[in-house]
Amino acid sequence: MDHDEGRVPSHEDIECVLLSQADIKGIVKRMGEELAEDYRESNPLFIAILRGAVVFFADLIRAVHCPMQIDFMAVSSYGSAAKSSGVVRILKDLDTPIEGRDIVIVEDILDTGITLNYLIKNLESRGPRSIEIAAFLVKDVPGQRSAVLPRYVGAHVPDAFVVGYGLDYDERYRNLPYLGVLKPEVYS
Ligand code: IMP
């Protein structure tokens, strides 16, 4: 067991570590400062998209030093074919009315942006004052343009399957404290 601060032995299924715990700490601090600066006066509602964003969300809200409230949503896409059609089902809705509120949607990773695009349209119909996205990761896929543009971005990652720090493959690896690229043989 490696007890060096910020270092953890990587899991055998991980090809390489993209963001260490120390990297993530720096990212969260920087994003927290940006968000606190922009939302200092407005008591925003931060919404975590379950389940992948939970780990990032828990760290991020503690790095945003201004008054705020939190709530949660869970959505599911209808498999990969339906996903591209933008059909998204809300599995858990907000408990908080959002009319007139400043909303920050906190997402783990933006790939096509289709899931969030749907969600934003849905939330817009409820009359919030503003909606912005804070994405821990944006996946850079050659030739692909995300359907939504996040205002706050933690890091860009290459077009590979990444896990850890809340992100899963088949509900595994969410508890890894770093972000890594999953070995292709695990899912092929
Ligand atoms: P989008 O609608 O294509 O932007 O898909 C975003 C969702 O797909 C994320 O919230 C994740 O749940 C999932 N996702 C996309 N890429 C990855 C990845 O590399 N690892 C884990 N989940 C991913």
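## Terms and model

A polar contact is a pair of N or O atoms within 3.5 Å; within protein, one atom must be able to donate a hydrogen and the other to accept it, and residues adjacent in sequence count only if both atoms are side-chain atoms. The structure is a predicted model, in which local features need pLDDT of at least 70, side-chain atom pairs count only at pLDDT 80 or more, and totals for chains, interfaces and linings use all residues. Residues are numbered from 1 along each chain as its sequence is written, and side-chain values use heavy atoms, with hydrogens and water left out.

## The ligand and its contacts

In the side chain of Lys139, an N or O atom is 2.9 Å from an oxygen atom of the ligand. Backbone atoms also take part: a polar backbone atom of Asp111 is 2.9 Å from a ligand oxygen, and a backbone N or O atom of Ile114 lies 3.4 Å from an oxygen atom of the ligand. On its own the ligand has 490 Å² of accessible area, of which the protein covers 86% (Shrake-Rupley method, 1.4 Å probe).

## The shell around the ligand

There are 16 residues around the ligand, and Asp108, Thr112, Gly113, Thr115 and Val162 come nearest; a residue is near if one of its heavy atoms lies within 4 Å of the molecule. Seven residues of the shell are nonpolar, three polar and six charged, where Ala, Val, Leu, Ile, Met, Phe, Trp, Tyr, Cys and Pro count as nonpolar, Asp, Glu, Lys and Arg as charged, and the others, Gly among them, as polar.

Strand S5 (102–110) and helix H4 (114–124) each supply at least two residues of this shell. The largest share, four residues, comes from S5. Helices (H or I, at least four residues) and strands (E, at least two) are DSSP runs, numbered from the N terminus.

## The nonpolar core

The largest nonpolar core has 30 residues, and Leu60 and Leu137 have the most contacts inside it. Such a core is a set of buried Ala, Val, Leu, Ile, Met, Phe, Trp, Tyr and Cys residues joined through side-chain atoms within 4.5 Å. Among the elements that each supply at least two residues of this core are helix H1 (21–39), strand S6 (130–140) and S5. The largest share, seven residues, comes from H1.

## A buried arginine

Arg174 stands in the loop between strand S8 (162–163) and strand S9. With a relative accessible area of 18%, Arg174 is buried (under 20%; exposed is over 50%, partly exposed in between; 1.4 Å probe, protein chains only). The side chains of Arg174 and Glu171 are joined by a polar contact of 2.8 Å.
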